[in-house]
Amino acid sequence: MKMLINPFTQKLQVCIAVISVICITCSAFAIEPIGTIGQPVPEHHAFLRDGNILCAVPTHIQVIDSQTSKVIEEFGEGTYISEVVFSPTAEHLAILNYDSDSRITTVNIWDVNTREQIAEWEIPARISVAAFSPIGTLFAISFNDEIHLWNWQIGAFRGKMIGQRRLSEECHSRVNGGTTCSSRPRDNASVFTPNGRYLIVASNRPDVELWNVKTRRLEGHFEGHTGNWVEGVVISLDGKRLATYERGWNDVYVWNVETQQLLWQEGIGFNLIDRR
């Protein structure tokens, strides 16, 4: 769901930027802004192979010249209650258009290089969490506390993940004395590992799950999250590190993907745990 930008959201954007930096394995470097890209403000963006920028704005998709900041082309159609998901290479994207009257989400798959829609199907639920596999044509969608797999190229259902998921835990107290709660478990983010073997799903149980794509089974959990929600997940290019984020506590966690061990955690009111 779309939200107006406020100080709270700005904090979230800053922390997501921190997560992205954490997952870069090379040495630190300085970045200077050379211009402002995109109007209206993009909700998602990625570099294309030709150096231009792919931007998802509230109602459509833009391709922007990174040198001049000019819009080269626009395509796709969405609404202010749509969601957009990029593939890992940004060569494909999904626009998830939800109709509140019919309570149906229409999934539209686009080829970014040709600017053509290549598949479309409907799901009788509100969809906001999905992920492209970097290998093959699998597309994972979360809804109704289940994870379904589709072939995004032809819009064919490929089955669902099977496993006993944890129940939602009781609320935890926040630093300022308040709490954040949910009436039911909800997936907030998902990402495939670079080799396509696993799907990692973050939810407000709170939990971070490791699913085996081949067996369709729940294989493990990333233990050590101390907040109420897990809302952001980013995986490193080599697939060895996972960063997660929980905005109610402003905490960033970094994990070893192979062992699911918490390497370190940092946030307001917490000490740094470093097990590297």
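First, some ground rules. Because this is a prediction, local features need pLDDT of at least 70 and side-chain atom pairs count only at pLDDT 80 or more, while totals for chains, interfaces and linings use all residues. Residues are numbered from 1 along each chain as its sequence is written, and side-chain values use heavy atoms, with hydrogens and water left out.

Let's start inside. The largest nonpolar core has 17 residues. A core here is a set of buried Ala, Val, Leu, Ile, Met, Phe, Trp, Tyr and Cys residues joined through side-chain atoms within 4.5 Å; buried means under 20% relative accessible area, exposed over 50%, and partly exposed in between, using a 1.4 Å probe and protein chains only. The residues with the most contacts inside this core are Val107, Ile109, Trp121, Ile123, Phe139 and Ile141. Strands β6, β7, β8, β9 (129-132) and β10 (138-143) each supply at least two of its residues. (Strands are DSSP runs of E with at least two residues, numbered from the N terminus.) Apart from this core lies another, of 15 residues, among them Val191, Val208, Phe222 and Ile235.

Zoom in on isoleucine 109. Leaving out residues up to four places away in sequence, Ile109 touches Leu93, Ala94, Glu116, Gln117, Ile118, Ala119, Trp121, Phe132 and Trp152, where contact means heavy atoms within 4.5 Å.

Leu149 sits in strand β11 (residues 146-151), and it counts as buried because its relative accessibility is 0%. Beyond its neighbours within four places in sequence, Leu149 is in contact with residues including Leu138, Ala140, Phe157, Met161 and Arg216.

Now for the charges. Side chains of opposite charge can pair when their charged atoms come close. The whole structure has 10 salt bridges, each a side-chain nitrogen of Lys or Arg within 4 Å of a carboxyl oxygen of Asp or Glu. In one of them, arginine 49 pairs with glutamate 91, with the closest N and O atoms 2.9 Å apart. That pair links distant parts of the chain, 42 residues apart: Arg49 is in the loop between β1 (44-47) and β2 (53-57), and Glu91 in the loop between β5 and β6 (92-99). Arg49 is exposed at 69% relative accessible area, whereas Glu91 is partly exposed at 24%.

Next comes glutamate 73, which pairs with arginine 115 at 3.0 Å between the closest N and O atoms. Here too the partners are 42 residues apart, with Glu73 in strand β4 (residues 71-75) and Arg115 in the loop between β7 (104-111) and β8 (116-123). Glu73 is partly exposed, at 32%.

What about a salt bridge with buried partners? Glutamate 209 and arginine 165 come to 2.7 Å at their closest N and O atoms. Glu209 lies in strand β15 (residues 207-212) and Arg165 in the loop between β12 (156-160) and β13 (187-192), so the pair ties together parts that are 44 residues apart in sequence. Glu209 is buried at 0% relative accessible area, and Arg165 is buried at 10%. Salt bridges with shared partners join Asp145, Arg165, Asp187, Arg205 and Glu209 into one network.

Some of these names return in the backbone. Most residues other than glycine have a negative phi, and most peptide bonds are trans. Arg115 has a positive phi of about 60° without being a glycine, and so does aspartate 145. Asp145 is in the loop between β10 and β11; at 37% relative accessibility it counts as partly exposed. The peptide bond from arginine 205 to proline 206 is cis, with omega near 0°, and Pro206 is found in the loop between β14 (198-203) and β15.

On a 1 Å grid over the protein atoms alone, a cavity is a set of points where a 1.4 Å probe fits but cannot get out, and lining residues have an atom within 4 Å of a point; points are joined across faces, edges and corners, and volume is the space filled by probe spheres set on them. This cavity is lined by 14 residues, with Val57, Pro58, Ser82, Glu83 and Val84 nearest its centre.

Technical notes:
1 Å grid on protein atoms, 1.4 Å probe; cavity = no way out; pocket = protein on both sides within 12 Å on 5 of 7 lines; lining within 4 Å. Helix = DSSP H or I, 4+ residues; strand = E, 2+ residues; numbered from the N terminus.
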